[in-house]
Each structure stands twice: as structure tokens, then as C-alpha cells.
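Let's take a friendly walk through a protein model, from a helix to a pocket.

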Amino acid sequence: MTTEAESGTITIEQVDAATTYPLRAQELRQGRPLEIDEDDAPYTLHLAARVDGDEVVGVVRFHPADCPWREGEGSWQLRGMATDPRVRGLGVGRALVAAGLARVAACGGQLVWCDARASAVGFYERLGFTTVTADYDLRAVGTHRGMLVELPIR
């Protein structure tokens, strides 16, 4: 998937988990292991964004997981979402999530949920996610809210 951004062309590609680790380390996992359970499972989808084919500037992971706030099958969790601060606001994160949601829907996914950092709630709302919980604290990470979006997005 390719999208135009102010700074150039954003390319989204499926990658292995290890490709996401440098940006995860920089933005999300300071002082914690880079690996997340099931990173290497065959059903886990890792996407990376590059601007003009250069270094990875955004990453996200999707994997099948029961939603804690809605029963039913076809739920996937969005996790490990990070963008390089140098490209925030240029559409990289939006392109990553949109590509991921499209791929999850193509796999039969019916709902995507996430533990959204409080500072990212507005970002997810603009992408069609709905807040379904009050604020809660994820140990060692901070304040989050539960959010979800039903697929396909209408």
C-alpha cells in the first residue's frame, strides 16, 4: 500500500517482528523486553511504514485476540503502534492503521480493539474507534482507555 504525505510517499509493508523492534524500543518499550507474546506466531501481522523507501518510521501489530469488552468471534488486537516523532502528523500512523484494518477485514476479522494510551485516544477516534472504558492504568506504561472499531468500517 502506498499513500502520499506532505513529506513524500508512505509505503506500508508486512514485515517480521524483529523489523519493528528498533522503533518499539525507542517509543514504547523503554526498560522492558522488546518482544510481545505471540510476536512470531504465524497469525500475527506486523506492518511497517517507510517514507520514500527510507528507514522504518512507523510500526503496528495486529493479532487475533478475544476482546475484553465485547463477546464474539473475529476479534483482533491492535498493539505495538508507534511512529517516529519526526513524522508525526504526516499521515504515517493513519496509513498504518488503515492498512492493518483492511488486512484484518480481509482475514475475516469483525472487530479490532486496543489499549490506547490516553495521549492517543483522539488519534484512534479520528480513525473510527470508539472509547468503551474509563481510564485505567497499565502497569509500567501509564493511563489507557479501551477502544474498538467494528469491521468493515462504514
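## Before we start

Two residues are in contact when they have heavy atoms within 4.5 Å. Helices (H or I, at least four residues) and strands (E, at least two) are DSSP runs, numbered from the N terminus. A residue is buried under 20% relative accessible area, exposed over 50%, and partly exposed in between (1.4 Å probe, protein chains only).

This is a predicted model: local features need pLDDT of at least 70, side-chain atom pairs count only at pLDDT 80 or more, and totals for chains, interfaces and linings use all residues. Residues are numbered from 1 along each chain as its sequence is written, and side-chain values use heavy atoms, with hydrogens and water left out.

Now find H2. Its buried residues are Val92, Gly93, Ala95, Leu96, Val97, Ala99, Gly100, Leu101 and Val104. An α-helix has 3.6 residues a turn, so residues three or four places apart point the same way. The expected span of a helix is 1.5 Å times one less than its number of residues. For the 15 residues of H2 that gives 21 Å, which agrees with the 21 Å between its end C-alpha atoms.

Just after H2, Gly108 takes a positive phi of about 95 degrees.

## The nonpolar cores

A nonpolar core is a set of buried Ala, Val, Leu, Ile, Met, Phe, Trp, Tyr and Cys residues joined through side-chain atoms within 4.5 Å. The largest one has 31 residues, and Phe62, Leu78, Val112, Tyr124 and Phe129 touch the most other members. Strands E2 (8–15), E3 (45–51), E4 (56–64) and E9 (142–150) are among the elements giving it two or more residues. The largest share, 7 residues, comes from H2.

Leaving out residues up to four places away in sequence, Val112 touches residues including Phe62, Trp76, Leu101, Phe129 and Met147.

Ser75 lies in strand E5. This residue counts as buried because its relative accessible area is 8%. Apart from neighbours within four places in sequence, Ser75 is in contact with Pro64, Ala65, Asp66, Cys67, Leu111 and Trp113.

Thr133 sits in the loop between strands E7 (130–131) and E8 (136–138). Thr133 and Gly146 are 13 residues apart in sequence, and their C-alpha atoms are 5.1 Å apart.

## The largest pocket

On a 1 Å grid over the protein atoms alone, a pocket is an open set of points where a 1.4 Å probe fits, with protein on both sides within 12 Å along at least five of seven lines; lining residues have an atom within 4 Å of a point. Which residues lie nearest the centre of the largest pocket? They are Leu28, Met81, Ala82, Arg117 and Tyr124, out of 37 lining residues. Strand E5 gives the largest share of the lining, 7 residues.
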